4 protein chains.
Amino acid sequence: MTRVGVNGYGTIGKRVADAVAAQPDMELVGVTKASPNYGAEAAIRRGYDLYAAIDDRVDEFETAGLTPSGTLDDLLRAVDVIVDCAPSGIGARNRAIYASHDTPAIYQGGEDADVADASFNARASGDVGDADSLRVVSCNSTGLSRLLAPLDEAYGVEKARVTLVRRGGDPSETDRGPINDVVPDPATVPSHHGPDVNTVLPNVAVDTAALKAPVTAMHTHSVNVTLETEPSTATVRRLLGDETRLFLIPEVANIDGAGALKDYAADVGRPRGDLWENCVWEESISVQGRDLYLFQNVHQEADVVPENIDAIRALTTDIPREESVALTNETLGIGL
Amino acid sequence: MTRVGVNGYGTIGKRVADAVAAQPDMELVGVTKASPNYGAEAAIRRGYDLYAAIDDRVDEFETAGLTPSGTLDDLLRAVDVIVDCAPSGIGARNRAIYASHDTPAIYQGGEDADVADASFNARASGDVGDADSLRVVSCNSTGLSRLLAPLDEAYGVEKARVTLVRRGGDPSETDRGPINDVVPDPATVPSHHGPDVNTVLPNVAVDTAALKAPVTAMHTHSVNVTLETEPSTATVRRLLGDETRLFLIPEVANIDGAGALKDYAADVGRPRGDLWENCVWEESISVQGRDLYLFQNVHQEADVVPENIDAIRALTTDIPREESVALTNETLGIGL
Amino acid sequence: MTRVGVNGYGTIGKRVADAVAAQPDMELVGVTKASPNYGAEAAIRRGYDLYAAIDDRVDEFETAGLTPSGTLDDLLRAVDVIVDCAPSGIGARNRAIYASHDTPAIYQGGEDADVADASFNARASGDVGDADSLRVVSCNSTGLSRLLAPLDEAYGVEKARVTLVRRGGDPSETDRGPINDVVPDPATVPSHHGPDVNTVLPNVAVDTAALKAPVTAMHTHSVNVTLETEPSTATVRRLLGDETRLFLIPEVANIDGAGALKDYAADVGRPRGDLWENCVWEESISVQGRDLYLFQNVHQEADVVPENIDAIRALTTDIPREESVALTNETLGIGL
Amino acid sequence: MTRVGVNGYGTIGKRVADAVAAQPDMELVGVTKASPNYGAEAAIRRGYDLYAAIDDRVDEFETAGLTPSGTLDDLLRAVDVIVDCAPSGIGARNRAIYASHDTPAIYQGGEDADVADASFNARASGDVGDADSLRVVSCNSTGLSRLLAPLDEAYGVEKARVTLVRRGGDPSETDRGPINDVVPDPATVPSHHGPDVNTVLPNVAVDTAALKAPVTAMHTHSVNVTLETEPSTATVRRLLGDETRLFLIPEVANIDGAGALKDYAADVGRPRGDLWENCVWEESISVQGRDLYLFQNVHQEADVVPENIDAIRALTTDIPREESVALTNETLGIGL
Ligand SMILES: NC(=O)c1ccc[n+]([C@@H]2O[C@H](COP(=O)([O-])OP(=O)(O)OC[C@H]3O[C@@H](n4cnc5c(N)ncnc54)[C@H](O)[C@@H]3O)[C@@H](O)[C@H]2O)c1
Ligand SMILES: NC(=O)c1ccc[n+]([C@@H]2O[C@H](COP(=O)([O-])OP(=O)(O)OC[C@H]3O[C@@H](n4cnc5c(N)ncnc54)[C@H](O)[C@@H]3O)[C@@H](O)[C@H]2O)c1
Ligand SMILES: NC(=O)c1ccc[n+]([C@@H]2O[C@H](COP(=O)([O-])OP(=O)(O)OC[C@H]3O[C@@H](n4cnc5c(N)ncnc54)[C@H](O)[C@@H]3O)[C@@H](O)[C@H]2O)c1
Ligand SMILES: NC(=O)c1ccc[n+]([C@@H]2O[C@H](COP(=O)([O-])OP(=O)(O)OC[C@H]3O[C@@H](n4cnc5c(N)ncnc54)[C@H](O)[C@@H]3O)[C@@H](O)[C@H]2O)c1
């Protein structure tokens, strides 16, 4: 039984907590919050032990009627591993605290790669050896790695060129734009997303160009991959269809975008309408000579969640990767 | 055991079906779909018997590998009551079919009031007598009725004036606008929404002005009610807080809009992130002289769902209204 | 000839500068910018003398090839009046600088009322006496004052209740949201907008409720005014139609929102597609008993511009108000 | 003097009319409208003779107080060439009418290529010979042709791969979505846009993938071109910078998206804020090996306008292409 703590019960943290709680070989010891907002109240409703992420805010929680079980230090003392889900950049600052407790840590993709001993994606990255910390790559990198790894294994990737049409903010982030604009972000090409993919897939050439759009539900990737061989469209569809963390949206489903995808996720009973899989439009997959094209959507709030579970096992156990992935998939119900 | 069929398993129909299935005194016999899209597949995954809404499309379902259990006629033969959840205007056309089977019917608010013997809202409308059909008023009217009924009972409503900032389309309706515009719709004031409220609350004076905005998640109501007496702000907050289908959003929750509301709904485990209750910002409730002001959000996809359940009981049983409401609330988990 | 400087050549400043340049009795001495972006280059293209708003950034302008004519101090020495169009809050900080030069100043609505000796709206506010500084009220307050002043004069306003559906950001402000949300802002009612109207119309009772929507082009006001008398709808339409800074959108025009309004403004040759007038949907104007309803749109970037011109004359000359308004209207081409 | 008529004074037609009116060698005889909305009134304000596009609607115009100068037939009798700017698909239906008058015609990109004798782009397409009709390719194809033609001439294009993030609707089209979604449209790749480019640039290999986003102002193109040679980034920037209908957005301008671009267009005095040029982010232009990347924005309402002017000359005169382009550029003020 691995005892797990989640530091930062926000968009990613709440999902990681639920996923940890669903694992037979893990125990969710507790979660932290920086302030006693609706998320904190909901954590308690779920029966999760709540800790104050910041020591001197314990009072604030008490005033709100949400007495915490302790502080981050208390939580760190009680766990085998901490999953850092604090806002981007805070993870690096938390590092020293984890070190002072000798607590192995998982970080998220908002941190620089050097925050941890290795970057991680369950499908794409190699053996993590004796790393004491791992960093699950960002939502976009996770989505790209899952796609490029099988293509590279099966056909060789000469070069991937991807346009990322990123969501401007998560649904509750009302202070983020743009409104009525598609913004090159960064305006320089290639963007930093390709190099982030290379932290888990070092030998795949991938150039990314990134835009930001006035949507909140999902990222959209317009993907081109020049392959080293010339498979048929049907073969590639089969290859991708066999990947457990890729969902090939069938044409008959009549799903045209993120709205319908999330609706479908809710229809099949997914908690929070989460799509842990890349969602690839099957009819978009097309091979022209050695050029493969496709569109995929990535649920930024969800796709890294199973990867965090597998990262916990990679860091704390000897369970083989495939076994971990199978267990995560089964417990969460991954596979559409 | 009331045997219930749902004709039109779309945005409203799928939610009504789930709610029916959760009732101890009802049996969901089956649901219909007009085409074998993702919703049809999801219905079957849930174990619901699927019928073809349109006779000559049975083939289409079979081609898609979703053989239906029969047609609408077959379904009507097997039920005590049918809930029509077909697109706006189709309900009126379906009326003759239901009549030919002598099947009592519930219609939705997209139909004109005269489609049914009476319009219905569990909190506001009177005894339905021996009606053979009921029409649950629209999402906006449901939201307004729930609010105005207690205010009128407690303080008397001299006049209500409401600006409805309506969502442009549901999340999966990608062919609906506006983009980057707030459109008076209709441009004439008062709009037809006030008279719709009067189908269930005939004696409350209410003028509505309606806009359409580029959002998909919820409607926002900016409400003014001139009362006949002068209660304190605190008293009104208590009155509304005691209503089971009103959720008073506490200030400490730090919920600023529809995104955070839906996030919270998912946090507390609501299926589809549904908010069956009106969501009223507690801090917005303010009495100035006899003028009450407040903001409320209404989840257009969800608020009519418990009303449909109570309408079924009103139409087919002698269960008293309050008992029905309490049972519906308990089985669905209404009350935040 | 009044020599005018504009401090802060941004959204408002560039429009005020153009309007000043169009006046026969004013000379635009120069404009300032804080950084050498596209606006600075465009100012020079127009032949406006450019000054550095912040002393130690002169170098930055030179590097960009846009050598400034001097600094703010230089500009202040050369003008009779300065129009402060710096970002909200910076105006108050600039106050001491203007005072040290004994330069009369006009401020914008982003500043608190006490920044100046009096608040100003050409239609609504009274004589400014011997004020040394004026503050043009905000875009929303300008729009409301123009509407409420004639109504109060003609019929008496018992109480106005207005829902302001505000644009989230101006078209180029890509870092502002919300995306896909309508946010109560502030969540408390009444909002501060009513009191701001009272700085120019102290005796009109007005309660405002404010929302923020994912649009960039215009604000939309849903207006209710309980009058003291009971005019006919036709009479009110005539009254408002006679106001020069109100544009009654005729039904035949088929203009349904801000997009079409801005399109029309461009069609008739308006620079920047600016709508200096309130745009009131004629068909929305409706009197029910003593309750008047209407929808109006306000172009946040433009409606305060003619008011700034009239404020300059009020502060620096003895030209009667009506004469100033007529001159401003004629030179700009106000009246649709 | 070429006498020109414009059939369909809408988004494109009103701009073509203005551009025709600005040419020294053309006379704008008149424009047609299908209904007497704000556009019709604005045409008359501008002094354009208005004709009824549809015979039996003359009455409707008269009721609206906008008596037309005649019908389409009258207009056709008076012109040397007609520019069809009717809604997509209507142009093909109008063809027979033009033929019955023996009037040479220009069509827009909403029509199929076979509507005319040849497709046209001033930069890219070859000599039009003795064509009696031309079709200006669509806004997206115009934007791509202008970019690919010089690249192919200078370096050879091995293959271009472009993701088109298209605006959902024009600013006044409030009935078009999506809201809060980015929709693959079509979901199949490559889209039909590449073949449309090939109607003017038959020998350039270009694959396009098209999305639809909730924006109204501009299209955004994420462009990759694998070249046949390996120029430096600086060389390519110079090459593109020398093209008169490409505007290289300098980094110092701090223009991050369509909002700022349109703001800048208005700043420099462009009527309607029109951007006739492709807008290419200079800093995005980057060569990696033989792979060129860049982002460009295309103002869908404007970029085809100068092309229509050049198409008129190509169809009705012997003026050499370059001379026509220079004249069009000069009269409109093209070049930023
Ligand atoms: N949201 C996404 O789409 C997404 C996707 C993939 C990866 N990520 C990455 O995951 C990480 C978390 O992002 P998020 O979107 O969940 O953020 P979030 O803002 O939703 O949640 C962060 C949580 O951390 C808490 N917090 C704040 N300060 C803290 C501190 N000092 N110590 C501990 N907790 C603190 C907050 O209370 C909040 O609950 C970031 O690195 C981000 O880049 C986010
Ligand atoms: N969506 C909302 O926000 C909302 C809110 C309250 C009330 N309503 C009302 O509920 C009703 C249903 O609306 P919806 O949004 O669920 O629509 P929807 O389009 O999401 O679903 C309608 C369903 O009916 C099926 N259908 C189509 N033709 C049919 C036919 N001839 N017979 C039977 N079924 C047919 C479709 O397959 C679809 O599944 C309408 O009256 C609407 O006005 C909708
Ligand atoms: N934009 C609107 O919709 C709107 C409407 C009405 C009133 N206002 C008010 O007008 C004022 C200006 O707003 P805006 O939208 O034009 O802002 P803006 O950001 O568009 O422009 C502000 C300009 O001031 C310059 N600036 C920055 N720091 C400065 C300084 N220290 N001194 C002088 N100039 C400086 C900037 O370079 C910029 O050009 C604010 O008070 C605002 O509240 C704005
Ligand atoms: N809007 C764009 O972004 C864009 C860009 C490039 C090309 N185009 C193409 O230009 C053409 C016109 O598009 P638009 O956007 O200007 O359309 P629009 O709808 O804005 O304008 C069309 C005009 O045609 C008039 N009209 C309607 N029926 C008519 C008829 N039977 N005969 C003559 N006129 C009629 C209408 O009154 C309207 O003024 C289409 O082929 C379109 O595909 C449009």
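This note walks through a predicted model, point by point.

1. **Ground rules.** This is a predicted model in which local features need pLDDT of at least 70, side-chain atom pairs count only at pLDDT 80 or more, and totals for chains, interfaces and linings use all residues. Residues are numbered from 1 along each chain as its sequence is written, chains are lettered from A and ligands numbered from 1 in the order in which they are written, and side-chain values use heavy atoms, with hydrogens and water left out.

2. **The sheet in chain A.** Let's start inside one chain. Chain A has an open sheet of eight strands, in the order E4-E3-E2-E1-E5-E6-E8-E7, with parallel pairing. Strands here are DSSP runs of type E with at least two residues, helices are runs of H or I with at least four, and both are numbered from the N terminus. Two strands count as paired if DSSP finds at least two bridges between them. Which strands stand at the edges? They are strand E4 (70–71) and strand E7 (118–120) of chain A; each has a single partner strand, so one side of each is left without a neighbour in the sheet.

3. **One strand pair up close.** As background, strands of a sheet pair through backbone hydrogen bonds, either parallel or antiparallel. In chain A, strand E1 (residues 2–7) and strand E5 (residues 81–84) run parallel and are joined by four bridges. To find your place on this pair, look for A:Val4, which stands opposite A:Val81 in E5(A).

4. A salt bridge is counted when a side-chain nitrogen of Lys or Arg lies within 4 Å of a carboxyl oxygen of Asp or Glu. Over all chains, the whole structure holds 108 of these salt bridges. One to look up joins A:Asp74 and A:Arg77, at 2.9 Å from N to O. Both A:Asp74 and A:Arg77 belong to helix H4 (residues 72–78) of chain A, and they are three residues apart, about one turn of the helix.

5. **Where chain A meets chain D.** Contact means heavy atoms within 4.5 Å. How many residues does each chain bring to this contact? Chain A gives 39 residues and chain D gives 39 residues. The two chains bury about 3200 Å² between them, with 60% of it on carbon and sulfur atoms. On the side of chain A, the residues that lose the most area to chain D are A:Val189, A:Tyr293 and A:Phe295, together 18% of what that side buries. Buried area is the accessible area (1.4 Å probe) that two parts lose on being put together, summed over both.

6. Four salt bridges are counted between chain A and chain D. In one of them, D:Asp291 is paired with A:Lys159, and their closest N and O atoms are 3.0 Å apart. Elements that give two or more residues to the chain A side include strand E11 (206–213), strand E12 (219–227) and helix H9 (258–267) of chain A. E11(A) gives the most, with five residues.

7. **How A and D are related.** Chain A superposes on chain D by a rotation of 180 degrees with 0.0 Å of shift along its axis (RMSD 0.0 Å). That is the relation of a two-fold axis. The same surface serves both copies, as 100% of the contact residues of chain A recur in chain D. The superposition is by least squares on the C-alpha atoms of residues with pLDDT of at least 70 in both copies.

8. **Where chain D meets chain C.** Here 30 residues of chain D touch 30 residues of chain C. The buried area is about 2500 Å², and carbon and sulfur atoms give 47% of it. Six salt bridges cross this interface, including the one between D:Asp263 and C:Lys14 (3.1 Å, N to O).

9. **A backbone detail to check.** The peptide bond from D:Asp185 to D:Pro186 is cis, with omega near 5 degrees. D:Pro186 sits in the loop between strand E10 (183–184) and helix H7 (193–198) of chain D.
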